[in-house]
Amino acid sequence: MTQPLFLVGARGCGKTTVGGELAQALNYRFADTDHWLQQNAGMNVAQIVEGEGWAGFRQRESQALQAVTAPEQVIATGGGMVLADHNRRFMRERGVVIYLEASVAELARRLEAFPEEGQRPTLTGRGISDEVAEVLAARDALYREAAHHVVDASLPPQQVVTQILCALRLADAC
Ligand SMILES: Nc1ncnc2c1ncn2[C@@H]1O[C@H](COP(=O)(O)OP(=O)(O)OP(=O)(O)O)[C@@H](O)[C@H]1O
Ligand SMILES: O=C(O)C1=C[C@@H](O)[C@@H](O)[C@H](O)C1
Ligand SMILES: [Mg+2]
């Protein structure tokens, strides 16, 4: 199997963290669309949104997705990558898409501990817990629609990696 692997899910579900460990386990390269686009723009997400609005950011993240997609690549996407129908279709057609599912409580706990405001400016103007609940309610169906596999992302990163390897039939002890 050499297809790119796309990790999707809400802010804080662990796409970046798990993606790096998954790439190591498979000896694949790792790319993160948020990191790619911030480097390419010379601005962080908050600065892009301030200058270009969310519409400008969304355009840049679609470009990032196209730019980093390659064989033997694990790709951590931004939490809103699935909003565009063309991104969902592109990921499903070009590779294997994995939804890292976690509860609102778990996501809010992680985001409160590690807010990284430069990369995660507010989406709704609400507090973290209310925002996570509102955004997940709106997007959960899109993550599921995009995904070939759903894994439990509330477990420690190595266990999430194992679940993914099992879903891909790349591990023996599942
Ligand atoms: N499986 C896990 N168990 C415990 N903590 C985790 C886990 N995965 C990630 N974290 C922690 O949660 C925080 C958010 O993780 P990460 O940045 O990987 O999420 P993300 O899905 O890439 O978010 P974003 O959509 O904003 O890019 C990090 O500080 C990370 O250490
Ligand atoms: O959930 C979202 O819409 C976002 C998640 C982050 O990964 C970044 O892509 C950005 O902050 C937007
Ligand atoms: Mg990330």
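This is a predicted model: local features need pLDDT of at least 70, side-chain atom pairs count only at pLDDT 80 or more; totals for chains, interfaces and linings use all residues.
Q: Which residues are the closest to ligand 1?
A: A residue is near a molecule if its C-beta atom, placed from the backbone, lies within 6 Å of it. The ligand is surrounded by 19 residues. The closest are Gly14, Lys15, Thr16, Thr17 and Phe114.

Q: Which element gives the largest share of the shell around ligand 1?
A: Helices (H or I, at least four residues) and strands (E, at least two) are DSSP runs, numbered from the N terminus. Two or more residues of the shell come from each of helix H7 (157–167) and helix H1 (15–26). The largest share, 3 residues, belongs to H1.

Q: How many residues of the shell around ligand 1 are charged?
A: Asp, Glu, Lys and Arg count as charged, Ala, Val, Leu, Ile, Met, Phe, Trp, Tyr, Cys and Pro as nonpolar, and the others, Gly among them, as polar. The shell holds 7 nonpolar and 7 polar residues, and its charged residues number 5.

Q: Why does threonine 16 count as partly exposed, and which residues does it touch?
A: A residue is buried if 20 or more other C-beta atoms, placed from the backbone, lie within 10 Å of its own, exposed if 12 or fewer, and partly exposed in between. Threonine 16, in helix H1, counts as partly exposed because it has 18 C-beta neighbours inside 10 Å. Contact requires C-beta atoms, placed from the backbone, within 7 Å of each other. Leaving out residues up to four places away in sequence, threonine 16 touches Asp32 and Ala76.

Q: Is arginine 120 buried or exposed?
A: Arginine 120 sits in the loop between helix H5 (104–113) and helix H6 (128–146). Residues up to four places away in sequence aside, arginine 120 touches Arg11, Val45 and Pro115. With 20 other C-beta atoms within 10 Å, arginine 120 is buried.

Q: Which residues is aspartate 34 in contact with, leaving aside its neighbours within four places in sequence?
A: Aspartate 34 is listed by UniProt for "binding site" (unreviewed entry), together with Arg58, Gly79 and Arg139. Aspartate 34 lies in helix H2 and is buried, because 23 other C-beta atoms are within 10 Å. Its contacts beyond those neighbours are Val45, Gly78 and Gln119.

Q: On which residue is the kink in H3 centred?
A: The expected span of a helix is 1.5 Å times one less than its number of residues. A straight helix of 24 residues would span 34 Å, yet H3 (residues 45–68) spans only 18 Å between its end C-alpha atoms. The bend at a residue is the angle between axes fitted to the seven residues ending there and the seven starting there. The kink in H3, about 120°, is centred on glutamate 52.

Methods. Residues are numbered from 1 along each chain as its sequence is written. Chains are lettered from A and ligands numbered from 1 in the order in which they are written. Two residues are in contact if their C-beta atoms, placed from the backbone, lie within 7 Å. UniProt positions are given in the numbering used here, feature names are shortened, and annotations may be inferred rather than shown by experiment.
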